[in-house]
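Take a look at it before reading on.

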Amino acid sequence: MEEQIFGGASAAKRPERPVIEAMKRGFLGRCPHCGQGRLFRAFLKTADQCQVCGEEFHHHRADDLPAYLVVFIVGHIVVGGFMGMEAMTDWPGWLHLAIWVPITLIMALALIGPIKGAVVGLQWAYYMHGFGGEDDALETHPEA
Ligand SMILES: [Zn+2]
(Lines give C-alpha, C1' and ligand atoms only; values in the text may rest on other atoms or scores of the structure.)
Protein backbone atom coordinates (compact mmCIF):
# COMPACT_ATOMS: atom_id res chain seq x y z
CA MET A 1 0.00 0.00 0.00
CA GLU A 2 1.25 3.41 -1.04
CA GLU A 3 1.99 6.01 1.63
CA GLN A 4 -0.44 8.93 1.61
CA ILE A 5 0.75 12.45 2.39
CA PHE A 6 -2.25 14.50 3.43
CA GLY A 7 -2.17 18.17 2.51
CA GLY A 8 0.43 17.61 -0.18
CA ALA A 9 4.18 17.14 0.04
CA SER A 10 4.75 20.81 0.85
CA ALA A 11 2.34 20.78 3.83
CA ALA A 12 5.09 20.77 6.47
CA LYS A 13 6.72 23.93 5.09
CA ARG A 14 3.52 25.97 5.12
CA PRO A 15 3.07 28.77 7.64
CA GLU A 16 0.10 28.24 9.93
CA ARG A 17 -2.92 30.31 8.99
CA PRO A 18 -5.21 31.75 11.73
CA VAL A 19 -8.34 29.59 11.56
CA ILE A 20 -10.65 31.59 13.85
CA GLU A 21 -9.55 34.91 12.35
CA ALA A 22 -10.08 33.58 8.80
CA MET A 23 -13.54 32.24 9.71
CA LYS A 24 -14.44 35.57 11.35
CA ARG A 25 -13.34 37.48 8.25
CA GLY A 26 -15.31 35.12 6.03
CA PHE A 27 -18.36 35.46 8.30
CA LEU A 28 -18.19 39.24 7.77
CA GLY A 29 -17.94 38.73 3.99
CA ARG A 30 -14.27 39.71 3.85
CA CYS A 31 -11.25 38.02 2.32
CA PRO A 32 -9.96 35.39 4.79
CA HIS A 33 -6.36 36.33 3.91
CA CYS A 34 -6.26 40.13 4.26
CA GLY A 35 -9.65 40.92 5.81
CA GLN A 36 -10.05 43.88 3.43
CA GLY A 37 -11.38 42.74 0.05
CA ARG A 38 -14.87 41.44 -0.54
CA LEU A 39 -15.36 37.66 -0.46
CA PHE A 40 -18.69 37.71 -2.34
CA ARG A 41 -19.61 39.34 -5.62
CA ALA A 42 -23.30 38.43 -5.24
CA PHE A 43 -25.53 37.04 -2.48
CA LEU A 44 -23.82 33.63 -2.33
CA LYS A 45 -21.41 33.89 -5.27
CA THR A 46 -17.81 34.23 -4.18
CA ALA A 47 -15.59 36.64 -6.08
CA ASP A 48 -12.94 34.97 -8.24
CA GLN A 49 -10.22 36.69 -6.26
CA CYS A 50 -9.65 39.33 -3.61
CA GLN A 51 -9.50 42.84 -5.09
CA VAL A 52 -7.04 43.92 -2.40
CA CYS A 53 -4.52 41.07 -1.92
CA GLY A 54 -5.26 38.91 -4.97
CA GLU A 55 -6.07 35.74 -2.99
CA GLU A 56 -8.08 33.43 -5.26
CA PHE A 57 -11.43 32.22 -3.92
CA HIS A 58 -12.62 30.03 -6.77
CA HIS A 59 -10.93 27.03 -5.12
CA HIS A 60 -13.47 26.88 -2.34
CA ARG A 61 -15.70 23.85 -2.06
CA ALA A 62 -18.21 24.92 0.54
CA ASP A 63 -20.82 22.83 -1.32
CA ASP A 64 -23.83 22.20 0.94
CA LEU A 65 -22.08 22.47 4.31
CA PRO A 66 -23.33 26.07 4.84
CA ALA A 67 -26.93 25.00 4.14
CA TYR A 68 -26.55 22.04 6.50
CA LEU A 69 -25.19 24.28 9.26
CA VAL A 70 -27.99 26.82 8.74
CA VAL A 71 -30.64 24.07 9.00
CA PHE A 72 -28.95 22.77 12.15
CA ILE A 73 -28.70 26.18 13.86
CA VAL A 74 -32.05 27.67 12.77
CA GLY A 75 -33.83 24.36 13.38
CA HIS A 76 -32.65 24.21 16.98
CA ILE A 77 -33.56 27.83 17.69
CA VAL A 78 -36.98 27.75 16.01
CA VAL A 79 -38.06 24.31 17.22
CA GLY A 80 -36.83 25.16 20.73
CA GLY A 81 -38.64 28.50 20.64
CA PHE A 82 -41.82 26.96 19.28
CA MET A 83 -41.87 24.16 21.86
CA GLY A 84 -41.13 26.59 24.69
CA MET A 85 -43.93 28.96 23.66
CA GLU A 86 -46.28 26.03 23.02
CA ALA A 87 -45.68 24.84 26.60
CA MET A 88 -46.00 28.28 28.22
CA THR A 89 -48.90 29.80 26.23
CA ASP A 90 -52.14 28.67 24.63
CA TRP A 91 -51.46 30.33 21.30
CA PRO A 92 -53.51 28.92 18.40
CA GLY A 93 -51.72 27.17 15.53
CA TRP A 94 -52.11 30.10 13.11
CA LEU A 95 -50.28 32.41 15.53
CA HIS A 96 -47.38 29.98 15.83
CA LEU A 97 -47.21 29.77 12.03
CA ALA A 98 -47.39 33.57 11.71
CA ILE A 99 -44.45 33.93 14.08
CA TRP A 100 -42.15 30.96 13.41
CA VAL A 101 -42.34 30.75 9.62
CA PRO A 102 -41.12 34.34 9.04
CA ILE A 103 -38.46 33.95 11.77
CA THR A 104 -37.24 30.77 10.06
CA LEU A 105 -37.04 32.45 6.65
CA ILE A 106 -35.34 35.60 7.94
CA MET A 107 -32.78 33.69 10.02
CA ALA A 108 -31.97 31.28 7.18
CA LEU A 109 -31.48 34.11 4.65
CA ALA A 110 -29.48 36.18 7.12
CA LEU A 111 -27.16 33.32 8.11
CA ILE A 112 -26.47 31.47 4.85
CA GLY A 113 -24.05 34.09 3.47
CA PRO A 114 -21.99 34.66 6.63
CA ILE A 115 -21.82 30.90 7.33
CA LYS A 116 -20.70 30.21 3.76
CA GLY A 117 -18.03 32.89 4.24
CA ALA A 118 -16.87 31.21 7.46
CA VAL A 119 -16.69 27.82 5.70
CA VAL A 120 -14.59 29.33 2.89
CA GLY A 121 -12.37 30.95 5.54
CA LEU A 122 -11.94 27.56 7.24
CA GLN A 123 -10.97 25.91 3.96
CA TRP A 124 -8.51 28.71 3.22
CA ALA A 125 -6.91 28.49 6.67
CA TYR A 126 -6.38 24.73 6.38
CA TYR A 127 -5.05 24.97 2.78
CA MET A 128 -7.96 22.78 1.67
CA HIS A 129 -8.79 22.13 -1.98
CA GLY A 130 -6.90 24.63 -4.16
CA PHE A 131 -6.03 27.03 -1.32
CA GLY A 132 -2.72 25.25 -0.79
CA GLY A 133 -1.62 25.73 -4.37
CA GLU A 134 -1.97 22.18 -5.66
CA ASP A 135 -4.55 20.84 -8.06
CA ASP A 136 -7.66 19.63 -6.28
CA ALA A 137 -8.39 17.15 -9.09
CA LEU A 138 -5.87 14.70 -7.59
CA GLU A 139 -7.89 14.69 -4.37
CA THR A 140 -11.20 13.77 -5.96
CA HIS A 141 -10.03 11.78 -8.99
CA PRO A 142 -6.85 9.92 -7.95
CA GLU A 143 -6.94 7.85 -11.15
CA ALA A 144 -6.66 11.00 -13.32
ZN1 LIG B 1 -7.51 39.68 0.39
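What share of the contacts in the chain with a separation of 6 or more comes from residues 24 or more positions apart? The share is 56%. Contact here means heavy atoms within 4.5 Å.

## Ground rules

This is a predicted model, in which local features need pLDDT of at least 70 and side-chain atom pairs count only at pLDDT 80 or more, while totals for chains, interfaces and linings use all residues. Residues are numbered from 1 along each chain as its sequence is written, and side-chain values use heavy atoms, with hydrogens and water left out.

## The overall fold

The chain has 4 helices and 0 strands. Its pattern along the sequence reads α-α-α-α. Helices (H or I, at least four residues) and strands (E, at least two) are DSSP runs, numbered from the N terminus.

The chain holds 144 residues, and 31% of them count as buried. Buried means under 20% relative accessible area, exposed means over 50%, and partly exposed lies in between (1.4 Å probe, protein chains only).

## Helix α1 and its buried face

Helix α1 covers residues 19-27. Its buried residues are Val19, Ala22 and Gly26. Viewed down the axis of α1, these fall within an arc of 70°, so they line one face of the helix. The arc is taken from the directions from the helix axis to the C-beta atoms. In general, an α-helix has 3.6 residues a turn, so residues three or four places apart point the same way.

What do the buried residues of α1 pack against? Their partner is α3, residues 93-125. Just after α1 comes Gly29, with a positive phi of about 80°.

## The zinc site

Four cysteines supply the protein donors of the zinc ion: Cys31 (SG), Cys34 (SG), Cys50 (SG) and Cys53 (SG). They lie 2.2 to 2.3 Å from the ion. Donors are N, O and S atoms within 2.8 Å of the metal (3.2 Å for Na, K and Ca); water is not among the atoms, so sites may look incomplete. Along the chain, the donors of the zinc ion follow the spacing C-x2-C-x15-C-x2-C. Cys31 and Cys53 both lie in the loop between α1 and α2 (65-88), so the pair ties together parts that are 22 residues apart in sequence.

The site of the zinc ion is tetrahedral, with angles of 106 to 115° among its 4 donor atoms. Four donors count as tetrahedral if all angles lie between 85 and 135 degrees. The ideal angle for four tetrahedral donors is 109.5 degrees. Is Cys31 buried or exposed? Cys31 is buried, at a relative accessible area of 0%. Cys53 is partly exposed, at 34%.

The ring centres of Tyr68 and Phe72 are 6.4 Å apart and their planes lie at 25°, so the pair is stacked. Rings of Phe, Tyr and Trp (its six-membered ring) pair if their centres lie within 6.5 Å; planes under 30 degrees apart count as stacked, over 60 as edge-to-face and the rest as tilted.

Both residues sit in helix α2, 4 residues apart, or about one helical turn. Tyr68 is exposed at 52% relative accessibility. Phe72 is partly exposed at 45%.

## The loop between α3 and α4

Tyr127 lies in the loop between α3 and α4 (137-140). Tyr127 is buried, at 14% relative accessibility. Its phi is positive, about 55°, although it is not a glycine. Arg17 lies over the face of Tyr127, at 3.8 Å from the ring centre. A charge sits over a ring if NZ of Lys or CZ of Arg is within 6 Å of the ring centre and within 35 degrees of the ring normal.

His129 has its place in the loop between α3 and α4. Its phi is also positive, near 55°, in a residue other than glycine. His129 is buried, with a relative accessible area of 10%.

Val119 is in helix α3. It is buried, at 5% relative accessible area. Which residues does Val119 touch, not counting those up to four places away in sequence? They are Ala62, Leu65, Pro66 and Leu69.

Glu86 is in helix α2 and is partly exposed at 42% relative accessibility. Glu86 touches Trp91 and His96, not counting residues up to four places away in sequence. The C-alpha atoms of Glu86 and His96 are separated by 8.3 Å, and the two are 10 residues apart along the chain.

Methods. Tetrahedral: all angles 85-135°; square planar, octahedral: opposite > 155°, others 65-115°.
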